[in-house]
Structure formats: structure tokens, C-alpha cells
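Have the sequence and the 3D view open as you read.

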Amino acid sequence: MTDALAPIRGAATGIGSHPGTDPREAAAVVVGELAVPYLPELPGRGLGADMIGRSAGILTGIGVDVSSTGYRIGVRPGRVARRIDDLLQRDLDAFEEAYELAGRRGGGTIKVQVAGPLTLAATVELSSGHRAARDRGAMRDIAEALADGVRAHVADLGRRTGAQVIVQVDEPSMAAVVRGTVPALTRLDPICAVPAPDAAELLARVTSGPVPVVVHLCGPIEWDVVRRVPLTGALIDVTRLTEADYEGFGVLAESVEAVGLGVVPATPDSPAGRFGAEQVLRPALRLYDEIGLPRTALSRATITPTCGLAGAAAEQVRPVLELARRTADILEEAPDLR
């Protein structure tokens, strides 16, 4: 596991989503710009192309469809399931082609992204119309089916490219599950909070398998959950951390093999062209100084945009990834930045 994560330490990568609808164009950009490219997600294509739909579609043995309010699982798979799979296969074909054209087939490291079990449970519905987070048995089934689906997904991409595959598990809804704020079907039937140990056990079912995993903590972070999960890597938007997060981040940074720092602006109102690498590093430098971590430890960090790029303009994608790469290079050349 440690060797599998070594390529992303001191490197740059992206979070996952891209603007636009052309998977070949997106794949060519990430393969051309990054030492550790990732399989782009293009939610602009609509139903089945977003993170939740794609992740629901790879659940082993669990059918997926849609209702008037979102994705529904535990149903007979039909048109929507076929669309999800068709979009995924197109993306895989495009990435395989770009990887081969770049002369990288047979080696290297690549990354794929899936929604984590807590986020899926908070988002998808059961056949009853209730969110899956209402049913602990359904949550366990989702975690197991996701772990199996991830293994198959990774094996497929590995066969196509000959590369080592790392999985990024996105958990933006972790806090909602643990705090009991997942929207209920009716106000008279609220969804109960899931205790941190139980939430951690569900997440660990996906992170503890044979596939190398990094968890993307992209919403309010429940550190009581994070510290209970055996993690080898994590990606965090450090620009959103507050003083209340410092202790949790410090413990995490010293315990995992790979820590990713989301520092490169990725939104339309903060285009990468306005920033230099030294400027985007300021939140990370301040964080490490205030926690008491040595700046030299930054040389081992993975540099990423603050979030996915689906909200960016198409012409911003390449500059954002270029800036992430330059920032990682600066940390490698002058890790203490004094």
C-alpha cells in the first residue's frame, strides 16, 4: 500500500470533475499535464454523468434508476443504469486512448474517484423513497457493494492502461450523516444521526481493501470519524480549515502516507491566472506553521485544486492543473520556503 501511494507524494493531481461534455478532450488534458492523471468526470452531460450517478452505477448487485427526486437503488436496472454504464465506458475508452497516445501504457499511476458510502447513503433513495441513510442495513449493503464495485472498476482500468490505480473516495456528506441532518422524506420521520464509530466502520469497508485509497474530505470534516478509519492517504481543501480543525489535521498529516493539500483556486471568480505558486501556498504554510508541523514536510504533500473543476470555464482547466504542477515543483525544490 505504501509503495502504491508513493507516486502521488510530492506530485500534483486533480480532484475529478471537469466542465464540458467531451471525454477525449478532458482525458488529453489530464494525461498531458499531470504525472498522476485521473479519470475525468463530466457532470455537464447530465443524468448518470455526475459523481453520485456514476458511483451508484458501479455498486455490485444493486440496481439503480431515478425518481422525481433523485437516484434510487435496490430496483430493477433499466434505461438509467444502461446510460450510466455507457457514459463510464466512453470515459474509460477516451482515457485509455489518451494514455496510449502519450506513450504511457504499461506503467505509471492513475487515479479514479467514487462517492463514499456515507455520501451515497445520504444521497440515494431506497425503493420506499426514503434516503438510504435511514436504514443501517441498507448502509452496510451499500458499503459492501461499493467496495466490490471499486475493485472491479480498478481492475478494468488497470487492464486497459497497465498502470497502478489509486482510488479517491469522496465524502462531502460525512458530517450530515453523523450530525443527523440528512434530508428526510417527511418532517415527521427524521433520519437519525449515525454515531461516529458506526460511520467509521462503514467507510473502512471501502478504504481497508487491497486497492490503494485516499479519502477526499471536501465538506465539514468529522475528525472523530476520520481518526477511527485506517487511512493511508487523504486529500483536503486546506483553505476551508478553521482553528477547530487544526488538531485533527495535525494528527492526520503525521499518520498517513500521503496528504493532499487543496490550495489551487478552481472557481470562476478565482482563475488560476491571477495567482502564482508562492501565493497559493500561503494557506498551507500558515496551517503548518500554526500547527507546528515542519515546513519541510510539505515536500511530501500532494498538491491539488481546492475542489473539482466542473464550475470552472473550459479554458481554465489547463492553467489550473499547470499551476498545481508548478506548485508541487516549488515544494520539491525549496521545501522550507524560507
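## Helices H2 and H4

The axes of helix H2 (residues 23-33) and helix H4 (residues 79-101) come within 8 Å and cross at roughly 40 degrees. Helices here are DSSP runs of H or I with at least four residues, strands are runs of E with at least two, and both are numbered from the N terminus. Axes are lines fitted to C-alpha atoms, for helices over the stretch in contact, and angles run from 0 to 180 degrees between N-to-C directions. That angle makes H2 oblique to H4; angles under 35 degrees count as roughly parallel, over 145 as roughly antiparallel, 65 to 115 as roughly perpendicular and the rest as oblique.

On the H2 side, the contact (heavy atoms within 4.5 Å) is made by Pro23, Arg24, Ala27, Ala28, Val30 and Val31. H4 contributes Arg90, Asp91, Ala94, Phe95, Glu97, Ala98 and Tyr99.

## A note on the model

This is a predicted model, in which local features need pLDDT of at least 70 and side-chain atom pairs count only at pLDDT 80 or more, while totals for chains, interfaces and linings use all residues. Residues are numbered from 1 along each chain as its sequence is written, and side-chain values use heavy atoms, with hydrogens and water left out.

## H4 meets H6

H4 also packs with H6, at an angle of about 35 degrees and with the axes 9 Å apart. Here Leu88, Gln89, Leu92, Asp93, Phe95, Glu96 and Tyr99 of H4 meet His153, Asp156, Leu157, Arg160 and Thr161 of H6.

How far should the 26 residues of H6 (residues 136-161) span? The expected span is 1.5 Å times one less than the number of residues, so H6 should span 38 Å, and its end C-alpha atoms are 37 Å apart, which agrees. At the start of H6, a side-chain oxygen of Asp135 lies within 2.9 Å of the backbone nitrogen of Gly137. After H6 comes Gly162, with a positive phi near 75 degrees.

## The six-stranded sheet

Six strands form an open sheet in the order S3-S4-S5-S6-S7-S8, with parallel pairing; two strands pair if DSSP finds at least two bridges between them. Strands S3 (109-115) and S8 (302-305) are at the edges with a single partner strand each, so one side of each has no neighbour in the sheet. On average, neighbouring strands are turned by 25 degrees against each other, direction ignored.

Within this sheet, three bridges join S5 (residues 213-217) to S6 (residues 233-237). Val215 stands opposite Ala234 in S6.

Terms used. Polar contact = N/O pair within 3.5 Å; in protein donor to acceptor, adjacent residues only side chain to side chain.
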